[in-house]
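Me: I would like to learn how to read a structure, one feature at a time. Could we go through one together?

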Amino acid sequence: MPGKLFPLGGPVPERDVVDREDFIVSLQTRLVEGQSIMLAGPRRIGKTSLANEVLRRAKNEGFYTAAVDFFRLSSKRDFAVSLINACLENRTGVRRTFDNLKDRAKSIVGTAKLTLKLEDLEFGIGFLHDEQNDDVLLDYALDLPDVLAKHDKKSMVILFDEFQDASRVADAGIYKKMRSHFQNQESVAYMFLGSKEGIMDTLFGSRKEAFYRFATSLPIPPIPENAWIKYIIKKYSDRGINIEYEIVKEILTRTGGHPQDTMLVCSEIFYALLEAGENTITPGIVRLGYDRALITLTPVYDEILDELSQRFQVRDVLKRIAFGKNIYAKNINPNEAKRAIDYLIAKAIIQKAGRGSYTFVEPMFQAYLLREFFNPGY
Ligand SMILES: Nc1ncnc2c1ncn2[C@@H]1O[C@H](COP(=O)(O)OP(=O)(O)OP(=O)(O)O)[C@@H](O)[C@H]1O
Ligand SMILES: [Mg+2]
């Protein structure tokens with residue numbers, strides 16, 4: 001939503017990207033060299049925002065760029081059209097070039113300019129008039145990035161978001177098809193993003209899979225604390241709000257610097273302040289904003305907890321970790337406890353902090369659990 005002080009619930013606009021600067025530079029360096037990259041990470045940690053920032057920078061440096069989000073697509077044809085549109089926009093500057101041409105092809109007039117721009121890509125009126133078979137269209141789309149880049153003497157970076165959904169959009173054979181098209185493309189580097197880490201790891205790490213070793217998998221680092229501090233202070237002070245350094249640190253301790261949780265708490269603090277008609281953030285306001293944020297997050301966390309609880313012993317182990325108790329209790333089989341822990345680590349819910357000790361990736365999820373287990377149904 002425009003005008004919101006702290007952006008929430010989707011990729012952030014350029015001015016609100018709190019930098020993982022070193023990581024962005026390292027991604028860029030690899031992509032520029034033509035290396036493809038895979039980034040897998042849990043929901044809401046800023047994968048799409050990060051990738052969009054990398055694309056913006058690549059574009060500024062003269063690269064062609066394109067982004068396709070599988071989450072939004074529902075068929076093979078959708079995928080093909082979306083990729084074609086994203087590619088052609090680099091040349092035409094028109095957002096939905098393909099649909100545009102197809103609509104207007106029927107009336108003959110008004111297409112000359114666009115058609116001429118695309119003449120060399122076998123993209124004439126004939127191509128648009130024939131009802132292309134989905135597979136033919138997809139083959140064309142999958143070749144287009146390299147064809148276009150070569151024609152225009154450019155390098156190209158392509159982002160596939162929620163890549164694990166490709167098999168839902170098309171069929172399981174889609175990965176094999178893509179790989180066969182991509183592997184000889186010299187002018188294109190790909191960035192694959194996914195929020196289902198297990199599936200992504202299998203897709204790129206298992207010998208049996210088509211994308212085995214096609215891309216380098218990199219862990220997504222947290223946003224550095226200093227970057228957050230600078231950003232938060234600036235945001236509030238732009239609105240004439242005072243906040244002390246210690247209080248910013250307090251916010252970050254409570255959120256663990258988790259991208260969306262931090263934005264949400266800052267946002268709730270802002271509204272609480274407006275309501276109170278104040279312009280200085282006090283510890284009391286922070287508590288209020290934090291509590292409200294936690295309420296907002298409850299439905300999301302309910303769902304996560306439900307899913308995790310399907311697994312044997314996981315709920316119990318979660319409870320123990322949340323309360324800081326020893327996981328290897330008398331009544332739990334150690335192998336089962338270990339299995340539950342491995343599952344929680346794979347799901348990026350907890351991380352190892354030392355021997356036999358674990359912390360929550362999202363401190364607010366821990367706060368939710370404490371409340372939930374202490375006072376179920378609250
Ligand atoms: N670099 C960042 N700087 C500031 N805030 C961020 C950043 N990245 C993410 N956020 C916060 O997290 C929210 C989610 O970001 P984004 O959609 O990029 O995450 P994602 O990992 O792609 O999530 P999803 O799994 O839902 O696709 C944003 O709306 C914003 O509040
Ligand atoms: Mg995303």
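**Helix, sheet and ligand**

Reply: Helix 2 lies across strand 1, strand 2, strand 3 (156-161) and strand 4 (188-194), and runs at about 165° to strand 4. Helices (H or I, at least four residues) and strands (E, at least two) are DSSP runs, numbered from the N terminus. Contact means heavy atoms within 4.5 Å. Axes are lines fitted to C-alpha atoms, for helices over the stretch in contact, and angles run from 0 to 180 degrees between N-to-C directions.

Me: Where does this model come from, and how is it numbered?
Reply: This is a predicted model, in which local features need pLDDT of at least 70 and side-chain atom pairs count only at pLDDT 80 or more, while totals for chains, interfaces and linings use all residues. Residues are numbered from 1 along each chain as its sequence is written, chains are lettered from A and ligands numbered from 1 in the order in which they are written, and side-chain values use heavy atoms, with hydrogens and water left out.

Me: In what order do the strands of the open sheet come?
Reply: Strands of a sheet pair through backbone hydrogen bonds, either parallel or antiparallel. Here five strands form an open sheet in the order 2-3-4-1-5, with parallel pairing. Two strands pair if DSSP finds at least two bridges between them. Strand 2 (64-69) and strand 5 (216-217) are the edge strands, each pairing on one side only. Strand 1 (residues 37-40) is joined to strand 5 by two bridges, and Ile 37 stands opposite Thr 216.

Me: Which way do strand 6 and strand 7 run, parallel or antiparallel?
Reply: Strand 6 (residues 350-354) and strand 7 (residues 357-360) run antiparallel, joined by four bridges. Ile 350 stands opposite Phe 360. Two residues lie between the strands of this hairpin, where Gly 356 takes a positive phi near 70°.

Me: Which residues come nearest to ligand 1?
Reply: A residue is near a molecule if one of its heavy atoms lies within 4 Å of it. There are 22 residues around ligand 1, and Pro 7, Gly 10, Arg 43, Thr 48 and Ser 49 come nearest.

Me: Which elements give two or more residues to the shell around ligand 1?
Reply: Those elements are helix 2 (47-60) and helix 13 (259-276).
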